[in-house]
Amino acid sequence: MENIILKDIHFDKNVVCYSFEVSAGLTKYFNSNTLWIEYDECMKDCPTSILTIPFVSIMLPMMWVTDSVLWVKELDYTFYHATFYLQQAYQNLYRGHKLQGRLVPAILKRNETNKSKDAFVLFSGGVDAHTTYIKNKDIISRLVNIQGFYHSCQEPNKVADADIKDISSFGKVEGIESSFIKSNFGVLINDNNFKPFAKKIGDSLWHGFQHSMAFISFAIPLAYQYHCSKILIASSFTTGDSRVCASYPTTDNEFRFATNGYAVHDGFELSRQEKIKVITDHQKAIRRPYPIRVCSFNDHNCCECEKCFRTILGIIAEGADIKDFGFDYEEETLTQHWINVLDRKAGLMGFHNEAISHWPHIIRRMKENYDHMTQEQKEFVDWFLSFDFKKAKRKGLLRYYRKNFFSILKRKLHI
């Protein structure tokens, strides 16, 4: 069997560095032999057995798919036993490849944190996260934002910096503390070499395993430091949705640490449109702007991508003003803005899955709230309900292929 061995945990100011080595058969899967996590405070007083949890969580998927042995010196007793339930939960999601391997800690430490009334929430600033915040705001004591695609601590990241700025501002308005965590976990493992496993599993490493396990586990040392026993992670999907990912009720809810510590997958009972209603109702109640940011790869809501479009549709369906939520455009009307956008981008925008999963809920609310909308909102709804998206996509793709024929041909021949 192959081996993954945690050799050392050391500190560089607020950065926790995990030095590890792997046996020859596994070297191709790793871009580095160091996992690092930068907290915005010193973690030296945190027990080694708790600090080992993030490393183990990042390595568990590799251990499972390669049937390897993962060796660590110390580990929290409660978390260790939770890993068996985690493995079974992921196996139930991905039946195409048997998840195996062994986790071997030399020492198990019985850490304990008291059951607390407050909770930490993993917070990105999008629809899911804001819904969970609003639903649980009376018990939330800290917003925790985690960014995992840094190659170094000094590397600039415009989108992550915008997250920090926006979430810090939101926290100040709400009177709540914020914590920001950077790491290289998203670039630690070689995606290309992981592809054979991804094909068997039916999902990528990031989407199928890594992001949820990283987000929850990276927050655990921080929660332990602040004597918080509950970590909330917002649901991405809803009951009845056939799609699955790493963040799922059956997986996230298996996380346990320090006797009483646990994670809660929140909001799975709500459709995305119901989540947007939670947010728009909240904004109407507080009577002030409530900015959210759904663009994953921009430092603002671009108002030109599928995710912005989907969110704008949902807000309009609730009869709310999109400008109260951080969406802006330059054209005279919202309808004209999206006519122009789709004329340029329809061929490259994916609507199929969203039209199946989200649009029926949106359309139902549009019809229910139509009489209470402004004239501009009604015009936008009328345009949306009558627009032929399939035709626009065909025309857009044809125009794209004509314009880029030689560059596409060159790329195909190169491959």
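Buried, on this tour, means under 20% relative accessible area, while exposed means over 50% and partly exposed is anything in between (1.4 Å probe, protein chains only). Helices (H or I, at least four residues) and strands (E, at least two) are DSSP runs, numbered from the N terminus.

Two notes before you click. The model is predicted, so to speak of local features needs pLDDT of at least 70, side-chain atom pairs count only at pLDDT 80 or more, and totals for chains, interfaces and linings use all residues. Residues are numbered from 1 along each chain as its sequence is written, and side-chain values use heavy atoms, with hydrogens and water left out.

**Stop 1: helix α3**

Select residues 127-136. This is helix α3, and it is mostly covered: eight of its ten residues are buried. Colour V127, A129, H130, T131, T132, Y133, I134 and N136 to see the buried ones.

Now show the side chain of D128. Which residue does D128 meet in a salt bridge? The partner is K275, at 3.0 Å from N to O. (A salt bridge is a side-chain nitrogen of Lys or Arg within 4 Å of a carboxyl oxygen of Asp or Glu.) D128 sits in helix α3 and K275 in helix α9 (residues 272-286), so the two are in distant parts of the chain, 147 residues apart. K275 is buried, with a relative accessible area of 3%.

**Stop 2: the sheet**

Switch to a cartoon view and look for the strands. Eleven of them form an open sheet with mixed pairing, in the order β5-β4-β1-β2-β3-β8-β7-β6-β9-β11-β10. Two strands count as paired if DSSP finds at least two bridges between them. At the edges are β5 (102-109) and β10 (256-257), each pairing on one side only. Helix α3 packs on this sheet, where it touches β6, β7, β9 and β11, and its direction makes about 135° with that of β9. (Such angles run from 0 to 180 degrees between N-to-C directions, with axes being lines fitted to C-alpha atoms, for helices over the stretch in contact; contact means heavy atoms within 4.5 Å.)

Zoom in on β9, residues 230-234. Five of its five residues are buried, so the strand is largely enclosed by the rest of the structure. K230, L232 and A234 point one way, and I231 and I233 the other.

What flanks it? Strand β6 (residues 119-122) runs parallel to β9 and is joined to it by two bridges; V121 has L232 as its bridge partner. Strand β11 (residues 261-266) is also parallel to β9, with five bridges, and here K230 is partnered by Y262.

Then move along to β7 (residues 140-147) and β8 (residues 177-183), which pair in the parallel sense over six bridges. Select V144 and you'll find S179 of β8 opposite.

**Stop 3: the cores**

Next, pick F55 and Y90. They have the most contacts inside the largest nonpolar core, which has 72 residues. (A nonpolar core is a set of buried Ala, Val, Leu, Ile, Met, Phe, Trp, Tyr and Cys residues joined through side-chain atoms within 4.5 Å.) Leaving out residues up to four places away in sequence, F55 touches I4, L6, Y18, F20, L35, L70 and V72. Apart from this core lies another, of 50 residues, including A129, I276, I292 and W359.

**Stop 4**

A search of the whole structure turns up 18 salt bridges. D166 belongs to helix α4 (residues 158-174) and R293 to the loop between α9 and α10 (306-317), 127 residues apart. D166 is partly exposed at 37% relative accessible area, whereas R293 counts as buried at 10%.

Next, show E174 and R288, which meet in a salt bridge of 3.4 Å, N to O. E174 lies in helix α4 and R288 in the loop between α9 and α10, so this pair ties together parts that are 114 residues apart in sequence. For a salt-bridge network, select E318, R364, R365 and E368.

**Stop 5: two crossing helices**

Finish with α11 (residues 334-345) and α14 (residues 375-386). Their axes come within 8 Å and cross at roughly 30°. From α11 the contact uses L334, T335, W338, I339 and L342, and from α14 it uses E376, E379, F380 and W383.
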